[in-house]
Amino acid sequence: MATITRIDIQMIDLVPKVKRVDAIQSFVSQETPLVTIYDSDGATGTGYSYTIGTGGPSVIALLEHTLGPALIGRDPDRIDGIWRDLLFLTHATSVGAITSLALAAIDTALWDMKCKKAELPLWKTAGGTRDRIPLYTTEGGWLHLETQVLIDDALEMQSKGFKGSKIKIGSDHVSQDAARLKAVRDAVGDSYEIMTDANQGFTLSEAIRLARVLEEHNIGWFEEPLPADDVAGHTELARRTSVPIAVGESMYSLSQFKDYLQAGAASIVQVDVARIGGITPWLKVAHLAEAFNIMVCPHFLMELHLPLVCAVPNAKWLEYIPQLDTITKDTIEISDGFAKPNDTPGLGIDWDWDVIAKQSLVSKTISGRS
């Protein structure tokens with residue numbers, strides 16, 4: 001039996017290529033923890049997660065002082081057991097973002113190793129439902145952008161075969177959001193999907209009022225309309241509108257998703273592999289949603305979510321926000337608005353370690369000899 005002998009921990013900061021502003025924040029930084037795990041047979045696996053500008057050092061500290069040392073001597077093939085043990089080890093800080101992000105970096109590394117040993121890509125190892133997925137874009141829909149910029153970006157992406165665009169909402173008055181959405185809808189036509197994202201920016205009364213506007217423009221979904229811990233509010237909103245309610249990027253446990261699904265509070269699940277704590281719990285959420293006949297459309301992390309949405313039967317979209325192209329040697333294959341996972345064993349990410357070494361803000365090693 002192979003055992004884990006070493007863990008390398010790094011962190012880089014990926015500066016977004018475009019300005020990103022939504023209803024509650026503007027972020028200019030993406031701290032990215034990277035974990036590489038080695039076993040006694042010489043196998044390796046690399047995983048990662050992210051923060052939006054803050055919290056990265058806390059994730060690194062948890063990896064270095066608590067989770068990493070607990071991996072030494074473990075059987076890397078026992079992924080679910082390791083995930084559960086590490087969650088219990090940190091039970092005083094779970095459920096929460098910092099712990100989930102640290103767990104995700106480890107769990108994705110273990111899955112990368114597992115797939116490499118099996119000589120299979122993640123999308124086949126985890127299910128292999130489909131070999132491509134349609135894309136919608138978010139990068140041209142930020143809240144600070146002028147209406148004409150939204151239109152130009154949507155038309156450009158439509159010409160490339162993309163199937164939809166996401167528009168951020170949360171302007172000073174509902175009429176401003178309405179005007180922006182109408183302008184984009186008039187430009188792209190009825191068959192192009194428009195999604196909206198409020199980033200938890202509304203009260204229930206505001207969301208109910210805006211939902212009527214979204215219905216007028218045949219909006220694909222109303223994303224994070226309310227604070228993520230307001231299950232009752234989302235249930236009431238879902239009852240009052242025909243627009244699908246999408247939630248999940250700010251939820252950190254299987255049980256939180258269970259509560260939403262049981263309450264009928266969401267009809268689209270946007271589980272984020274980093275914020276849920278890794279591939280292991282991501283797949284459980286996806287299959288739970290499948291049992292409720294609910295669609296999975298994950299948030300962010302395009303490169304890692306691509307194989308996962310191709311693995312499960314109830315995924316419909318992949319969000320297009322390129323992140324890793326400056327630290328990897330290849331990019332996702334896109335053809336006529338569809339993304340295709342590659343057949344390289346592992347996560348399908350070809351890291352550029354020379355670039356990563358130059359940009360690394362943290363570099364630590366944990367081994368059985370430490």
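**A buried strand and an open sheet**

Strand β7 (residues 164-168) has five of its five residues buried, so the rest of the structure largely encloses it. Buried means under 20% relative accessible area, with a 1.4 Å probe and protein chains only. Strands here are DSSP runs of E with at least two residues, helices are runs of H or I with at least four, and both are numbered from the N terminus.

This is a predicted model: local features need pLDDT of at least 70, side-chain atom pairs count only at pLDDT 80 or more, and totals for chains, interfaces and linings use all residues. Residues are numbered from 1 along each chain as its sequence is written, and side-chain values use heavy atoms, with hydrogens and water left out.

In a regular strand the side chains alternate between the two faces of the sheet. Both faces of β7 are covered. Gly 164, Lys 166 and Lys 168 are buried on one side, Ser 165 and Ile 167 on the other.

Now the neighbours. Strand β6 (residues 133-137) runs parallel to β7, joined by two bridges. Thr 137 stands opposite Ser 165 of β7. Strand β8 (residues 193-197) also pairs with β7 in the parallel sense, over five bridges. There, Thr 196 of β8 is the bridge partner of Ile 167. Two strands pair if DSSP finds at least two bridges between them.

Elsewhere, four strands form an open antiparallel sheet in the order β5-β4-β1-β16. β5 (44-48) and β16 (362-367) are the edges; each has a single partner strand, so one side of each lacks a neighbour in the sheet. Inside this sheet, β1 (residues 4-13) and β4 (residues 31-39) pair in the antiparallel sense over nine bridges. Ile 12 stands opposite Thr 32 in β4.

Note on methods:
Buried < 20%, exposed > 50% of the residue type's maximum accessible area, 1.4 Å probe, protein only.
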